[in-house]
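I opened this entry to keep track of what I looked up. The notes go chain by chain, then to one helix pair.

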Amino acid sequence: MVRERVVVTGIGVVAPNGLGAEAFVEGLREGRSGVGPIQAFDCAGFATRIAAEVDTDALELERYVKPLKMVKLMSRAARFAVVAAGMARRNSKLDFDAVDPGRVAVSLGAGGMGPSDNDMLENEAMALLDSHESRAAGLDVPAFAKAFAARTNPILLLRGLPNIAASHVAIQQRARGPNNTVTTACTAGTQAIGEGVRKIRCGDADVVLAGGTDAMVNPVGVLGFSMLGTLSERNDCPEQAARPFDRTRDGFVIGEGAAILVLERESFAQARGADILGEIAGYGATCDAYRITDERPDASGAVAAIRAALRDADAVGADVDYVNAHGTGTRMNDEVEARALTQVLGPSAGAVPVSSTKSMIGHLLAAAGAAEAVACLIAINNGFVPPTINYREPDPDCAVDPVPNRSRELDVTLALSNSFGFGGQNACLAIRRY
Amino acid sequence: MPGYKTVLTPASILAGSREIVTRVLFVPVGDVHPESELIADLGAESIDFVDLVFQLEDLLGEKVTVARWDRWLRSESARLDRAAAVTVKGFAEFARAVADGRA
């Protein structure tokens, strides 16, 4: 039996350097940074005081959320997801009446580091303060519970559940098929798309809204990654802070946003005369099964994921025209990733453009892989590959062509999008011109 | 809010209840009339009732729960079940009952 191909017919993006696919295309073409001083909260005293934040005033929630009261049940990440899904659906021109809702699935990378929206954090912290005097040492749980219940609107708790963003997408998009949330940290967006592809291949759905969303620019998110030593501390030059593959890189910049693709069974898309933007031709995922935050130094876990994606796409390393790297800008990631690509791409590795869009939009965490899959589709459809901005000093340990600082005109037929995450997660998508 | 209760009147409770309904259900204030049904006319769902009673605390100065609303409705035998049909006026009447110590 010939396997059904899975094609992309719509793109929706909420990115720190552009809302909507068109703005994102121009942001990537111009190498526009979305990084700046943190606006979401008072970060005085934080080691890292920069992030890539979304312009929420421009989200147009009233256009994408019906009834509008649903907004109060949405975390920041859920709002991004709903807007990105609405944009993607419009872009696909897929009519609600043209598809059985039971055949529309959702596969979403989400969940970041849990329910730490600013308003939830405030409730927890103030409740702790209220209950503090009652016991000198240790948490007085009954006092905390009383104080928390006294000040917390119960509906707030619903926002923190990891699956709720995907539920909101389903409600707004009448998607009554399987609804899955992938919570594999920084690989979640990539895996959600890959698992969405499999939903179509195995016959569970004709259409999948697949992608990722995250919003960790809050005190717990910034502190957490900062304390783990993964964040850039170049607070004095936010736009130049994210420097993937550069010798002077000092960590990633936290970003936020969402990206959603409309995936369709090829024959379904053809039957309705859809514009096809590309094919998700291959997906591979592995786990290092090694350490929680260290990657295997021989890059074998990453190599296995990339090779699995190529095999799934019936392609080989020499077919690859462009790689959208995970490229966080941490010392370890970029070195191990460059090593993996050298192994997979073979002798031509140095000639293949390998850029990190995180240099512009920061690390979107559970949404990163989805935004980066979009970057690959943009490369395929617009004839250019996005740059790695802030690249000044080559690192001999990162032997790749990072497309320094300026986008480059290039005809791309096959692109790879890599994602690696805490816990040893490795995932890769092979995206092909259709 | 200490002392807040002393200024509560039937009219101020009805006005406050309307304001809460408007805010919680994201509906235009012009659509919120005393006889408007929260579910049928204004689109309320179960989670909104949790939100509505939470917001009553600011108006009444004391904690209110959905369970308390249900108990009060059951005690008023002539009334319908909360989930079936409650109007803005009915919500305000519950708020008044809380304020007067009847619920």
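I began with burial: a residue is buried if 20 or more other C-beta atoms lie within 10 Å of its own, exposed if 12 or fewer, and partly exposed in between, with C-beta atoms placed from the backbone. By that rule, 32% of the 103 residues in chain B are buried.

I noted the ground rules next. This is a predicted model, where local features need pLDDT of at least 70 and side-chain atom pairs count only at pLDDT 80 or more, while totals for chains, interfaces and linings use all residues. Residues are numbered from 1 along each chain as its sequence is written, and chains are lettered from A and ligands numbered from 1 in the order in which they are written.

**Chain B.** I took helices (H or I, at least four residues) and strands (E, at least two) as DSSP runs, numbered from the N terminus. Chain B has four helices and zero strands. Its pattern along the sequence reads α-α-α-α. I then looked at contacts, meaning two residues whose C-beta atoms, placed from the backbone, lie within 7 Å. Of the contacts in chain B between residues at least 6 apart in sequence, 63% join residues at least 24 apart.

**Where B touches A.** I found eight residues from chain B and eight residues from chain A in the contact. Helix H2 (residues 46-60) of chain B gives the largest share of the chain B side, four residues. For classes, I counted Ala, Val, Leu, Ile, Met, Phe, Trp, Tyr, Cys and Pro as nonpolar, Asp, Glu, Lys and Arg as charged, and the others, Gly among them, as polar. The chain B side has five nonpolar, one polar and two charged residues.

**Chain A.** I logged 14 helices and 15 strands in chain A. Buried residues are 56% of its 434 residues. For contacts in chain A between residues at least 6 apart in sequence, 81% join residues at least 24 apart. The C-alpha atoms of chain A fill a box of roughly 65 × 55 × 40 Å along the principal axes.

**H1 and H14 of chain A.** I checked how helix H1 (residues 21-30) of chain A packs on helix H14 (residues 368-382) of chain A: the angle is about 80 degrees and the axes are 11 Å apart. H1(A) is therefore roughly perpendicular to H14(A) (65 to 115 degrees). Phe24(A), Val25(A) and Leu28(A) in H1(A) meet Val374(A), Ala375(A), Ile378(A) and Asn382(A) in H14(A). The residues of this contact are six nonpolar, one polar and no charged.

Key
Axes fitted to C-alpha atoms, helices over the stretch in contact; angles between N-to-C directions. Parallel < 35°, antiparallel > 145°, perpendicular 65-115°, else oblique.
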